[in-house]
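Please keep the sequence and the model in view while reading.

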Amino acid sequence: MSSRLQHRALVLNQAWQPVNIVGVRRAFSLLFQGHAKAIFPVPDGSYSVLNVEEWMEFSQKNPDPSHSLRSVNLALLAPPVLLLTSYDRVPRREVRFCRRNVYLRDAYRCQYCGRKFSESELTLDHVVPRDRNGKTNWENIVTACARCNARKANRLPHQAGMVLRRAPTRPRWQSFMSILAMDADASPWHPFLGISDEQHGTKNTKPSLIK
Ligand SMILES: [Zn+2]
C-alpha cells in the first residue's frame, strides 16, 4: 500500500515492548554493531531472532527486491522488527519532532482545507508565524497544503479567515504507534503493538522466542 514504512523498523526492548521506530540505516547499524537482532515471524506462529550473520543468510534465501538494501553482491532485507540485545540502549519513548512525523500525526491532511495530499504536495506551517515568535514545535507546526500555506502567508489563521481543523499537540507515544501500525506495511508490527490482527485480516501470531 504505502512505501512510507517499508524501510522503517520497530525496535523492541528486551521485554519485547516497542520503544522506538528507526530508519533503515539506523536499523542496519544496530544490527551490524550487535546492539540488536532481527525478529521475523515463522510459519508456526513463533519468531526467529537472528543475529547479523543469520539475517544475511535469511536475506539470501528469501529475496524481496522491494524491501532490500542492495550492494554489489549482497541483497539485505530491511528487518521489520528489531530486538535490542542490551538494556543500556533503551531510547526514550518519545515521538521525534520531524517533518514526516508531523505529516503522520495529521494523517497527511492539510489542517486548513482538510484535504489529503501526498508527501511531496505538503508543507509545514507555523500557526503563529516565526516573526511573531512562533515556535518550531509540535504545538505550533501543522501540515498544510502549498495552496493553504500560501494563502495564510505570514498571518495568524483568523487574520487569514482560516480555521484549524484541530489544535496541534505533541502526539502520545502509544497513539502514534497505532497511527503508524494502521499502515498495511506495518503488519509485522501489530503483535507487538497490541493491535488485533482481525481488524487487519492478517494471521494472528503471538510472540514467543524460539532461538
Ligand atoms: Zn489546504
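In this predicted model, F40 stands opposite S48 in β4. Strands here are DSSP runs of E with at least two residues, helices are runs of H or I with at least four residues, and both are numbered from the N terminus. Strand β3 (residues 36-41) and strand β4 (residues 47-50) run antiparallel and are joined by four bridges. Two strands are said to pair if DSSP finds at least two bridges between them.

Residues are numbered from 1 along each chain as its sequence is written. Since the model is predicted, local features need pLDDT of at least 70 and side-chain atom pairs count only at pLDDT 80 or more, while totals for chains, interfaces and linings use all residues.

**The sheet**

Strands β3 and β4 belong to an open sheet of five strands, ordered β2-β1-β7-β3-β4, with mixed pairing. At its edges lie β2 (18-23) and β4, each of which pairs on one side only. From one strand to the next, the twist averages 30°. Helix α1 packs on this sheet and touches β1, β2, β3 and β7; its direction makes about 115° with that of β2. Such angles run from 0 to 180 degrees between N-to-C directions, with axes fitted as lines to C-alpha atoms, for helices over the stretch in contact.

| Strands | Direction | Bridges |
|---|---|---|
| β3 and β4 | antiparallel | four bridges |
| β1 and β2 | antiparallel | five bridges |
| β1 and β7 | parallel | three bridges |

Within these pairings, A9 has V22 in β2 as its bridge partner, and L10 has V81 in β7. The hairpin of β1 and β2 has five residues between the strands, and W16 takes a positive phi near 60° there.

**Burial and cores**

Is β1 enclosed or open? Five of its five residues are buried, so β1 is largely enclosed by the rest of the structure. A residue counts as buried if 20 or more other C-beta atoms, placed from the backbone, lie within 10 Å of its own, as exposed if 12 or fewer do, and as partly exposed in between. R8, L10 and L12 point one way from β1, whereas A9 and V11 point the other way.

A nonpolar core is a set of buried Ala, Val, Leu, Ile, Met, Phe, Trp, Tyr and Cys residues joined through C-beta atoms within 7 Å. The largest one has 24 residues, and L10, V11, L12, L31, A36, V81 and L82 have the most contacts inside it. Two or more residues each come from β1 (8-12), α1 (24-32), β3, β4, β7 (81-84) and α5. A second, separate core of nine residues includes Y112, L122, A144 and C145.

Two residues are in contact if their C-beta atoms, placed from the backbone, lie within 7 Å. Leaving aside residues up to four places away in sequence, A36 touches V11, L30, L31, L82, L83, L84 and T85.

**The segment after α5**

L193 lies in the segment after α5 (173-181). L193 is partly exposed because 15 other C-beta atoms lie within 10 Å.

**The whole chain**

The protein has five helices and nine strands. Of its 211 residues, 25% count as buried.
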